[in-house]
Amino acid sequence: MRSTPSSPTRERTGVRAATVADASQILAVQARTWDAAYRGLLPDRALPRADDPQRLAFWRSVLMTGRTAARVATTRDGAVVGFSTGGPARDRALGTDQEIHTLYVLPEHQGAGLGRKLFRRTVAVLQ
């Protein structure tokens, strides 16, 4: 179920810089979002799992280096419901030095403007 822009979800969320302490929640958002979008389209083994120690180590590493602009959307109680990352462009043919690498919002929080907010905040850091 998608939230509408007038739903309470919009008022209950904020965007802040991600920290290493957010790694497990970021992984959980990634896993749930992939599951909602790709279950039945991709083999189950291709879907990220929230309990995957290698993927958790990857996210911790990304957040520790400081080379990636990472933002999280959180509820008032601190639960991460979306995230975005950006950094150096991976393909110079794009004609830019920076790019958004990831942008995920839990299905039940989509449609409330969080993706747009995460995108804008990440771009602001990259500029």
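# Questions about a predicted fold

Visitor: Which residues is Arg55 in contact with, leaving aside its neighbours within four places in sequence?
Guide: Arg55 is in contact with Leu27, Gln30 and Pro48. This is a predicted model, and the word "contact" is used where heavy atoms come within 4.5 Å. Arg55 and Leu27 stand 28 residues apart along the chain, and 7.4 Å separates their C-alpha atoms.

Visitor: Why is Arg55 called partly exposed?
Guide: Its relative accessibility is 29%. Buried would need a value under 20% and exposed a value over 50%, so Arg55 counts as partly exposed. Its place is in helix H3.

Visitor: How do you know that the span of H3 agrees with its number of residues?
Guide: H3 has 13 residues, and at 1.5 Å a residue they should span 18 Å. The expected span takes one less than the number of residues. The end C-alpha atoms of H3 are 18 Å apart, therefore the two values agree.

Visitor: What makes you say that the buried residues of H3 line one face?
Guide: The residues in question are Leu56, Trp59, Val62 and Leu63. Seen down the axis of H3, they fall within an arc of 120 degrees, so they line one face of the helix. On the other side of H3, the exposed residues are Pro53, Gln54 and Met64. The cover over the buried residues of H3 includes H2, E2, E3 and E4.

Visitor: What is found at the start of H3, and what just after it?
Guide: At the start, a side-chain oxygen of Asp52 comes to within 2.8 Å of the backbone nitrogen of Gln54. A polar contact needs a pair of N or O atoms within 3.5 Å, so this pair meets that cut-off. Just after H3, Gly66 has a positive phi of about 75 degrees.

Visitor: Which residues touch the most other members of the largest nonpolar core?
Guide: They are Ile26, Trp59 and Phe83, in a core of 21 residues. The elements giving two or more residues to this core are helix H2 (23-38), helix H3 (53-65), strand E2 (69-75), strand E3 (80-88), strand E4 (98-105) and helix H4 (114-126). Beyond its neighbours within four places in sequence, Ile26 is in contact with Ala18, Trp59, Leu63, Val72 and Phe83.

Visitor: How do you know that the buried residues of H4 are on the same side?
Guide: The buried residues of H4 are Leu114, Leu118, Thr122 and Leu126. They cover an arc of only 105 degrees around the axis, which puts them on the same side of H4. On the other side, Arg116, Arg120 and Ala124 are exposed. The buried residues of H4 pack against strand E1 (13-17), E2, E3 and E4.

Visitor: Why is Glu99 called buried?
Guide: Glu99 has a relative accessible area of 15%. The cut-off for buried is under 20%, so Glu99 counts as buried. Glu99 is found in strand E4, and its side chain reaches the backbone nitrogen of Arg90 at 2.5 Å. Not counting residues up to four places away in sequence, Glu99 touches Gly86, Gly87, Pro88, Ala89, Arg90, Asp91, Leu94 and Leu126.

Visitor: And why is Thr33 called buried?
Guide: The relative accessible area of Thr33 is 12%, and buried means under 20%, so Thr33 counts as buried. Thr33 lies in helix H2. Leaving aside its neighbours within four places in sequence, Thr33 is in contact with Tyr104, Val105, Leu106 and Pro107.

Visitor: What makes the protein chain as compact as a globular protein of its length?
Guide: Here is the overall layout. The chain has four helices and four strands, in the pattern α-β-α-α-β-β-β-α along the sequence. Its radius of gyration is 15 Å, close to the 14 Å that the globule rule gives for 127 residues, so it is as compact as a globular protein of that length. Its C-alpha atoms fill a box of roughly 40 × 35 × 30 Å along the principal axes. Of the 127 residues, 38% count as buried. Among contacts between residues at least 6 apart in sequence, 60% join residues at least 24 apart.

Technical notes: Residues numbered from 1 in each chain as written. Predicted model: local features only at pLDDT ≥ 70, side-chain atom pairs only at ≥ 80, totals over all residues. Heavy atoms only, no water. Core = buried A, V, L, I, M, F, W, Y, C linked by side-chain atoms within 4.5 Å. Buried < 20%, exposed > 50% of the residue type's maximum accessible area, 1.4 Å probe, protein only. Arc of directions from axis to C-beta. Polar contact = N/O pair within 3.5 Å; in protein donor to acceptor, adjacent residues only side chain to side chain. Rg over C-alpha atoms; globule rule 2.2 N^0.38 Å.
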